[in-house]
Amino acid sequence: MRIFITGGTGFVGSRLVPHLLQCGNTVLVLSRQANAVPGMDCEMFQGDPTQPSDWQSRAAECDAIVNLAGENIVGKRWNDEVRRALRDSRVKSTQNCVQALMRQPCRADGSPKVLVNASAIGYYGPHGDEELDEDSPPGNDFLAGLCVDWENATLPAKESGVRVVLTRIGVVLARDGGPLAKMLLPFKLGLGGPMGSGQQWLSWIHRDDLIGLITFALDNPNVSGPMNATAPQPVTNKEFGKALGRALGRPAFMPTPGFILKFVMGDGAEIVLTGQRVLPKRAQLLGYQFRFPSLDEALVEILARN
Ligand SMILES: NC(=O)c1ccc[n+]([C@@H]2O[C@H](COP(=O)([O-])OP(=O)(O)OC[C@H]3O[C@@H](n4cnc5c(N)ncnc54)[C@H](OP(=O)(O)O)[C@@H]3O)[C@@H](O)[C@H]2O)c1
C-alpha cells in the first residue's frame, strides 16, 4: 500500500513509519521541517498540513492517509491563541487530508481508500467511574468539543466513499516520550505516587498496540468509524502509580497535588487529573488481539527497553 502520513515525525508517527515500511508499504511523510527524519527509508515531503498546497496532489495518489498532526497539548496554558493552535492544527489538517482523498476516493482496484484519523478519548469528557465505549456520547468541555470538530471534519470523506477510521487514542505509554517519560525520574527517586485524588481513571495504551491498531485499521476493510485506542484494562491513577512503583522496584506513595501538575503540565494536566474509563469495545469485537492488555506487562516491557 502507498500510505501518506502527517505527523509522522512525532511520538507515535516516528515508530509507526518504520513499522509500516517493515510491513512492505511505501510511505510518504509530510513534515513542516526540512530533513526531519534523516535515515528513515521513506519519502519526505516538506509542507504544512494545515495549509492546502501541492502536498495534497501527492496524498491524492496514495491508497491511504494516516493523519496524526496536532500541536502538542501538554506543557502550556490554554489561552485563546493556544486553543486556536490546538484546534487548527487538528481540524484544518483533517480538512486538507479529506480534500486530497476526495480527488480520488477509490484505489486503482476500485476499493475505497482509507483515512485513519487521530482523535482522542478526551472526546468523552470527564466521566467518573462510568465505563465508556464508542457509543457513549461526547462530553462538553474544551477537549471534547475539539475532538467532535476534529472527527466531524472527516465526514465529507466518508460521504464520498472513503473508509474513515477515527482512532480515539488514550494515554500512550512508551519510554521516550509522553507522560511516562516525565514520570520516570520522580518515581525512580521514590517521589512518585497518585496524581491529584488518585481516584480518576487512566485509559492507557502501549505505543506498540496503538501502532498495531492503526495497522489493523489500514489493512482490515471491516474497520470504520470510531475505534477506541486504549488497552482493555484501564486503571485508576492510584493503581497506575502502584504499578509503576512495582515495575521500578521503588515505593510510590507520594501524592502529587493537582497544582504542581498544572505547574509542570499546564492546562494539559486536566487530562491526568480528570480522566475517563474507556474500553476498546470495537477493536475487540473486530478481533484485534492486544499485545499488552495489562498494565504490569506493558510497564515491564517498556522499562526493559533501552
Ligand atoms: N500521545 C498521546 O498520548 C496521544 C493521546 C491522544 C491523542 N493523541 C493524538 O495523536 C496524534 C499523534 O500524537 P503524538 O503524541 O505523536 O503527537 P506529537 O508528537 O506531539 O506531534 C505529532 C506531529 O504533529 C505535527 N505538528 C505539531 N504541531 C503542529 C502544528 N501546529 N501544525 C501542524 N502540524 C503540527 C508535528 O510534525 P512536523 O513538525 O513534522 O510537521 C509533530 O511531529 C496527535 O494528533 C495527538 O493529539 C496522542
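1. Is Phe 290 buried or exposed? Phe 290 counts as buried, at 11% relative accessibility; here buried means under 20% relative accessible area, exposed over 50%, and partly exposed in between, with a 1.4 Å probe and protein chains only. The residue is found in the loop between helix H11 (281–285) and helix H12 (295–304). Helices (H or I, at least four residues) and strands (E, at least two) are DSSP runs, numbered from the N terminus. Leaving aside neighbours within four places in sequence, Phe 290 is in contact (heavy atoms within 4.5 Å) with Ile 205, Asp 209, Leu 213, Thr 230, Ala 231, Pro 232, Pro 280 and Gln 284. By contrast, the C-alpha atoms of Phe 290 and Glu 43, 247 residues apart along the chain, are separated by 30 Å.

2. On the basis of these values: this is a predicted model, in which local features need pLDDT of at least 70 and side-chain atom pairs count only at pLDDT 80 or more, while totals for chains, interfaces and linings use all residues. Residues are numbered from 1 along each chain as its sequence is written, and side-chain values use heavy atoms, with hydrogens and water left out.

3. On the ligand shell: 24 residues lie around the ligand, a residue being near if one of its heavy atoms lies within 4 Å. Those that come nearest are Thr 9, Ser 31, Gln 33, Glu 71 and Arg 90. The shell divides into 10 nonpolar, 11 polar and three charged residues; Ala, Val, Leu, Ile, Met, Phe, Trp, Tyr, Cys and Pro count as nonpolar, Asp, Glu, Lys and Arg as charged, and the others, Gly among them, as polar. Helix H3 (80–103) and strand S5 (114–120) each supply at least two residues of the shell, and S5 gives the most, with three.

4. For Leu 68, a backbone N or O atom lies 3.2 Å from an oxygen atom of the ligand, and for Gly 70 the corresponding distance is 3.2 Å. The ligand taken alone exposes 890 Å², of which the protein buries 84%; accessible areas come from the Shrake-Rupley method with a 1.4 Å probe, and for residues only the protein chains shown count as cover.

5. On Ser 31: this residue belongs to strand S2 (residues 26–31) and is buried, with a relative accessible area of 3%. A polar atom of the Ser 31 side chain lies 3.0 Å from the backbone nitrogen of Gln 33. Ser 31 and Gln 33 are both among the residues that come nearest to the ligand.

6. On the nonpolar cores: a nonpolar core is a set of buried Ala, Val, Leu, Ile, Met, Phe, Trp, Tyr and Cys residues joined through side-chain atoms within 4.5 Å. The largest has 39 residues, and Ile 5, Val 66 and Ile 214 have the most contacts inside it. Helix H7 (residues 207–219) gives the most to this core, with seven residues. Not counting residues up to four places away in sequence, Val 66 touches Ile 3, Phe 4, Ile 5, Thr 6, Leu 16, Val 116, Ile 214 and Leu 218. A second, separate core of 25 residues includes Leu 173, Ala 252, Val 272 and Leu 303. In soluble globular proteins, nonpolar side chains tend to be buried together.

7. On Trp 201 and Val 235: Trp 201 lies in strand S9 (residues 201–202), and Val 235 in strand S12 (residues 235–236). Trp 201 is buried, with a relative accessible area of 12%, and Val 235 also counts as buried, at 12% relative accessibility. Beyond four places in sequence, the contacts of Val 235 include Trp 201, Trp 204, Phe 240 and Leu 295. The side chain of Trp 201 makes a polar contact with that of Asp 129 (2.8 Å); a polar contact is a pair of N or O atoms within 3.5 Å, where within protein one must be able to donate a hydrogen and the other to accept it, and residues adjacent in sequence count only if both atoms are side-chain atoms.

8. On Thr 154: this residue is found in the loop between H4 and helix H5 (155–159) and is buried, with a relative accessible area of 2%. The Thr 154 side chain reaches the backbone oxygen of Glu 151 at 2.6 Å.
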